[in-house]
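Reader: I am new to this structure. Could you take me through it with a few questions and answers?

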Amino acid sequence: METKRFQIDPKHMDMEQIRQAAQILREGGLVAFPTETVYGLGGDAEDPDASRAIYAAKGRPSDNPLIVHICDYHQLEEIASELPETAKKLSDAFWPGPMTLIVKKNQRIPLETTGGLETVAVRFPSHPVATALIRESGCMIAAPSANTSGRPSPTNADHVWTDLNGKIQGLIDGGEVEIGLESTIVDLTEEVPMILRPGYINKEMLEKVVGEVRVDPAVLGTENVHIKPKAPGMRYKHYAPKGNLKIVTGQEETVVKEIEKMATEDEAAGKKVGIIATAETEDRYSHGTVLCIGDRRNEDEIAHNLFAVLREMDELGMENIYSEDFSTPRIGQAIMNRLLKAAAHQVIEV
Ligand code: TXA
Ligand code: MG
């Protein structure tokens, strides 16, 4: 199949192109599009065949539910069987934006879209291209991240093209995304809201709006790898580069020394070594291929660059990859959640 590539500047939107892409969705086709978090692979959420096509294009297990993207709060009411008070409060505070709410579903969204679950994940994105596409199509759009299953999520259209060219009908290139990490997923089906996937909107921000919030123990730290996460997608190996990635954690000085030592040994053994460093440390490595993820004092930059850096390590054919730790104050939990998964929880403490 030929993938039609649309070029749309989010600041000066060409509505004719949006209409063409929307038409593909209405006819049951798939269109990848930018959101403020990562690129999504969209299909009509009410069409079971479109959902099946999404799983096929991504090579994703069909028991891993999709997120339904809406462009109006009332659409949440249309597809939920019941809504707790917290849904209104959180959506008032954070929609449109990088937050997904899990609620009990009614008949309208088919089980194909929710991976067989009686709950549905819903998000109202803030990216102008995403909302225009939802509105013009008249559909609610089911969209997982637009990567091949298991690869890092796409933060620009070229990433999507690499993974899905020839497998989907359309791709809207709307430039680089802003945040670079997928949305925060909050489960509202139990008494206390629970974060199933950390993101840009963190626990403290949610708690200011609804009081107590819990975090699914499965998303925390290394010692919990055996706990089964509530979001099916968090079970799978994910975000992973092809090389063997290890995270080195400890005092900056010691971390740099340890990575430098391992890189030297690996290179001597004939391995291609990649190092994920920061602006503060990149000049201190003399072995390996060093990629700078950003400035430690700018955690938004680190979040934004994470998936692109992991993809670049693949393109460069790196076999062993060492990363510094990015447990930054605000979104560090979200960054480290992705990095730990990418590293299959291999952490070296120094
Ligand atoms: O930022 C985002 O959320 C991006 C953009 C495109 O909106 N989308 C995204 O979708 O990351 P995806 O499919 O890659 O991740 C969805 C996650 C998966 O881990 C899935 O298991 C979980 O949400 N999920 C979806 N529906 C669920 C449900 N009913 N209950 C629990 N987890 C659910
Ligand atoms: Mg994904």
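Author: H4 and H7 are oblique to each other, because their axes meet at about 125°. This is a predicted model.

Reader: Which residues of H7 make the contact with H4?
Author: Start with the geometry: the axes of helix H4 (residues 85–94) and helix H7 (residues 203–210) are 9 Å apart. The crossing is right-handed. H4 brings Thr 86, Lys 89, Leu 90, Ala 93 and Phe 94 to the contact. From H7 come Met 205, Leu 206, Val 209 and Val 210.

Reader: How many residues of the contact of H4 with H7 are nonpolar, how many polar and how many charged?
Author: Lys 89 of H4 takes part in the contact, and lysine counts as charged. Thr 86 of H4 is there too. By class, the contact has 7 nonpolar, 1 polar and 1 charged.

Reader: What kind of peptide bond joins Trp 95 and Pro 96?
Author: Pro 96 lies in the loop between H4 and strand S6 (99–105). Most peptide bonds are trans. Here omega is about -10°. The bond joining Trp 95 and Pro 96 is cis.

Reader: Which residues of H5 make the contact with H1, and what is the hand of the crossing?
Author: On the H1 side the contact is made by Met 15, Ile 18, Arg 19, Ala 21, Ala 22, Leu 25 and Arg 26. On the H5 side it is made by Val 129, Ala 132, Leu 133, Glu 136 and Ser 137. The classes come to 8 nonpolar, 1 polar and 3 charged residues. The crossing of H1 and H5 is right-handed.

Reader: Where is Ile 172 found, and is Ile 172 buried or exposed?
Author: Ile 172 sits in strand S9 (residues 170–173). Buried means under 20% relative accessible area. Ile 172 has 0%, so Ile 172 is buried.

Reader: Which residues does Ile 172 touch, leaving out those up to four places away in sequence?
Author: Two of them are in the contact of H1 with H5: Ala 21 and Val 129. Leu 133 of H5 is touched as well.

Reader: How far apart in space are Ile 172 and Ile 8?
Author: In sequence, Ile 172 and Ile 8 are 164 residues apart. C-alpha to C-alpha, the distance is 6.7 Å.

Reader: How many disulfides does a search of the whole structure find?
Author: A disulfide needs cysteine sulfur atoms within 2.5 Å. The sulfur of Cys 71 has its closest cysteine sulfur in Cys 139, 10 Å away, so the pair is too far apart for a bond. Both residues are buried: Cys 71 at 11% relative accessible area, Cys 139 at 6%. The search finds 0 disulfides.

Reader: How are H9 and H10 oriented to each other?
Author: The axes of helix H9 (residues 299–315) and helix H10 (residues 332–342) come within 10 Å. They cross at roughly 15°. Angles under 35 degrees count as roughly parallel. That makes H9 and H10 roughly parallel.

Reader: Which residues of H10 make the contact with H9?
Author: The crossing is left-handed. H9 contributes Glu 299, Ile 302, Ala 303, Leu 306, Phe 307 and Leu 310. The contact divides into 8 nonpolar, 1 polar and 2 charged residues. From H10 come Gly 332, Ile 335, Arg 338, Leu 339 and Ala 342.

Reader: What are the phi values of Ala 344 and His 345?
Author: Ala 344 and His 345 are found in the loop between H10 and strand S17 (347–349). Ala 344 is partly exposed at 45% relative accessibility, and His 345 is partly exposed at 26%. Most residues other than glycine have a negative phi. These two are positive: Ala 344 is near 50°, and His 345 is near 60°.

Methods:
Residues are numbered from 1 along each chain as its sequence is written. Chains are lettered from A and ligands numbered from 1 in the order in which they are written. This is a predicted model: local features need pLDDT of at least 70, side-chain atom pairs count only at pLDDT 80 or more; totals for chains, interfaces and linings use all residues. Side-chain values use heavy atoms; hydrogens and water are left out. Buried means under 20% relative accessible area, exposed over 50%, partly exposed in between (1.4 Å probe, protein chains only). Axes are lines fitted to C-alpha atoms, for helices over the stretch in contact, and angles run from 0 to 180 degrees between N-to-C directions. Helices (H or I, at least four residues) and strands (E, at least two) are DSSP runs, numbered from the N terminus. Angles under 35 degrees count as roughly parallel, over 145 as roughly antiparallel, 65 to 115 as roughly perpendicular and the rest as oblique. A crossing is left-handed if the near helix is turned anticlockwise from the far one by less than a right angle, and right-handed if clockwise. Contact means heavy atoms within 4.5 Å.
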